[in-house]
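Good morning. I will go through one structure, from a single residue out to the whole chain and back to some details. Please have a look at it first.

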Amino acid sequence: MTPTPHLAELGARVERPAHFQPVERSFLPHAGAATVDIVVPVYNEERALPGCLRTLHTRLSQGFPFPWRITVADNASTDATLATARRLADELPGVGVVHLDRKGRGLALRTVWGASEADIVAYMDVDLSTGLDGLLPLIAPLASGHSDLAIGSRLAAGARTVRGPRREFVSRCYNGVIRLTHGVRFTDAQCGFKAARTEVLRPLLEVTRDDAWFFDTELLLLAEHNGLRVHEVPVDWVEDVDTRVDVVSTATDDLRGLWRMARLKASGDARVAVVPRPEPAAEHPDAVLAPATGRGVLSWEVGCFVAIGVVSTVGQALLYWLLRGWWTPPVANLISLFVLTVLNTEANRRLTFRHSAAPPARAHLGAGGLFVLGYAVTSAAVLWFKHLDPGASPAAETAVLTTASVAVTCVRFAVLRLAVFADPRSRIR
C-alpha cells in the first residue's frame, strides 16, 4: 500500500486533531469494524457550519455502527469559518479541523483523504442537502468489501429531490454528456455525498488533477475505467439556494475536464495500480457451470445485434418514409441512416459488446466508417431501383432500402465484432 503522506507535506496543517469515536460493541456488525473519516469541505461557511456539524455529530452519536470522526477541511476561507470550526471542534468530541491555504473543494478532498489513516473516507456538503438517512447505506457496502466507491445519486431509481427546474435541467444534461462521451454506468457524478475505501482510493488520487468541482467526476471516471465497483445509493436531496457554485464557470470547467479525461484514457495514462477484483465465482459447492469457454458469448452478441438491428431497420424505414414527403431519396436516406446509426451504435456498445473496453469515441468513429459504407450501398440500391422503375412508390423504395440495409447489417456485425470492439483482454472468459 502507498505510504500515507503527512498533511504538512501536502501544504495543510491540522488545526484541531480528532480521534475516532468508539461505538457500543452491540452495534458492531463484526469485530474490528472499519473506521470512517467524514470530511466536510468548507469555504466561507461560517453561517452554515454550526448547524451542519451539530446535526451530523448527533446522528453519528446515535448508533452509527462504525468508529467515526468528522474532519472540517477549511480551504482558504476569508471569513470566520476557521474560527468557527475551531470552536466547534473544542465543543464536539470527534471533530477535527484541517486548514489549507489554497481554495478548491477538489484540493481539500484530495489532501485530507490522501492523508487519512481511516479505512473508509467520505464527504458531504456543508448544507446537508443530502438526507443523512443515506449515510449508512453509503458506508456499508465499502465496509463489507462488496464495493470500492459509493456515491449518492439524485437521478437513480428511488431518489427523491426538491430543486428548481434550472438545476434539474443542468444536472441531467451534464450527466447525460458524461454517459454519451465516456460510456459510464453511474447516474449522478456531482452529488456531494461520496465515500471510498482508502486502499483503493489512494492510487486514484495520484492521477487526479482537478482542484475544484470537477474532482468528483474525475475520480469516478478513473474508478470505473480501472474496473472498480461503484455503488449508487438513491438519496433524498433538498436544494439549498445559499450556494458557492458558479453554474456557468463550473459547467465550462467540467466540459474541459471531460475532454482532458478522454485524452488521458486514450493515452493509457488513466490506468492505475489497483488490485483487480476477482472474477465472479459460484458460492454453491455443487453448482453446475457451463464450460469456461462456452458461456454463450457469441450467441448473446448475435441475439442482441439481431434484435437491435431489427428495431433499427424498422426505425430507419419509418423515418425514411416520413422524410421522403419533404426530401429526395438520397437526403431522406442520409438523415434517417445517420440518426439510426448513432442510436444503433450506442445500443450495441451498451448491450451487445458490453464487455468490450473500447471507448465510446472509438465505437462511434468506427461506426462512422460503416455509416459511409451503408449510405453508399443503400443509396445506390434506391437510385438503381428508381432508374429501373421511375414510377415506383415510396413504399416500394422503402422495401428496397430495407433489403439493402439487411445486407449492410451483416457486414456491420462482422466489422464491429472483429475490429471496432475487438479487445480480448476486456472480455469475460
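Is V306 buried, partly exposed or exposed? V306 is partly exposed, because its relative accessibility is 46%; buried means under 20% relative accessible area, exposed over 50%, and partly exposed in between, with a 1.4 Å probe and protein chains only.

Two remarks on the source. This is a predicted model, in which local features need pLDDT of at least 70, side-chain atom pairs count only at pLDDT 80 or more, and totals for chains, interfaces and linings use all residues. Residues are numbered from 1 along each chain as its sequence is written, and side-chain values use heavy atoms, with hydrogens and water left out.

Back to V306. It sits in helix 9, residues 297-323; helices (H or I, at least four residues) and strands (E, at least two) are DSSP runs, numbered from the N terminus. Together with L298, V302, V310, V314 and L318, V306 makes a nonpolar surface patch of about 500 Å². Like charges are joined within 9 Å, and nonpolar side chains (Val, Leu, Ile, Met, Phe, Trp, Tyr) within 5 Å. Accessible areas come from the Shrake-Rupley method with a 1.4 Å probe, and for residues only the protein chains shown count as cover.

Now the whole protein. There are 12 helices and 10 strands. The C-alpha atoms fill a box of roughly 90 × 55 × 35 Å along the principal axes. Of the 429 residues, 47% are buried. The protein exposes about 21200 Å², and carbon and sulfur atoms supply 63% of that area.

Next, the interior. A nonpolar core is a set of buried Ala, Val, Leu, Ile, Met, Phe, Trp, Tyr and Cys residues joined through side-chain atoms within 4.5 Å. The largest one has 41 residues, and W113, L149, I178, F186, L204, L219 and L221 touch the most other members. Elements that each supply at least two residues of this core include strand 4 (95-100), helix 3 (105-115) and helix 8 (247-267). Apart from it lies another core, of 40 residues, among them A48, A89, L135 and I139.

What does L204 touch, leaving aside residues up to four places away in sequence? The list is L149, L219, L222, A223, N226, L228, V272 and V274, where contact means heavy atoms within 4.5 Å.

On to the records. UniProt, in an unreviewed entry, lists residues 305-421 as "domain: GtrA/DPMS transmembrane"; its positions use the numbering here, feature names are shortened, and annotations may be inferred rather than shown by experiment. That span is 85% helix and 0% strand. The unreviewed entry also places "transmembrane region" at 327-344, 365-386 and 398-420. Residues 365-386 are 100% helix, with end C-alpha atoms 31 Å apart. T341 lies in helix 10, residues 329-352, and is buried because its relative accessible area is 12%. Beyond four places in sequence, T341 touches A367, F371 and R412.

Last, the backbone. Most residues other than glycine have a negative phi. N44, in the loop between strand 2 (36-42) and helix 1 (49-61), has a positive phi of about 55°. L128 has a positive phi of about 50° and lies in the loop between strand 5 (120-124) and helix 4 (135-143).

Conventions. Patch = residues over 30% accessible without salt bridge, like charges linked within 9 Å, V, L, I, M, F, W, Y side chains within 5 Å. Salt bridge = Lys/Arg side-chain N within 4 Å of Asp/Glu carboxyl O.
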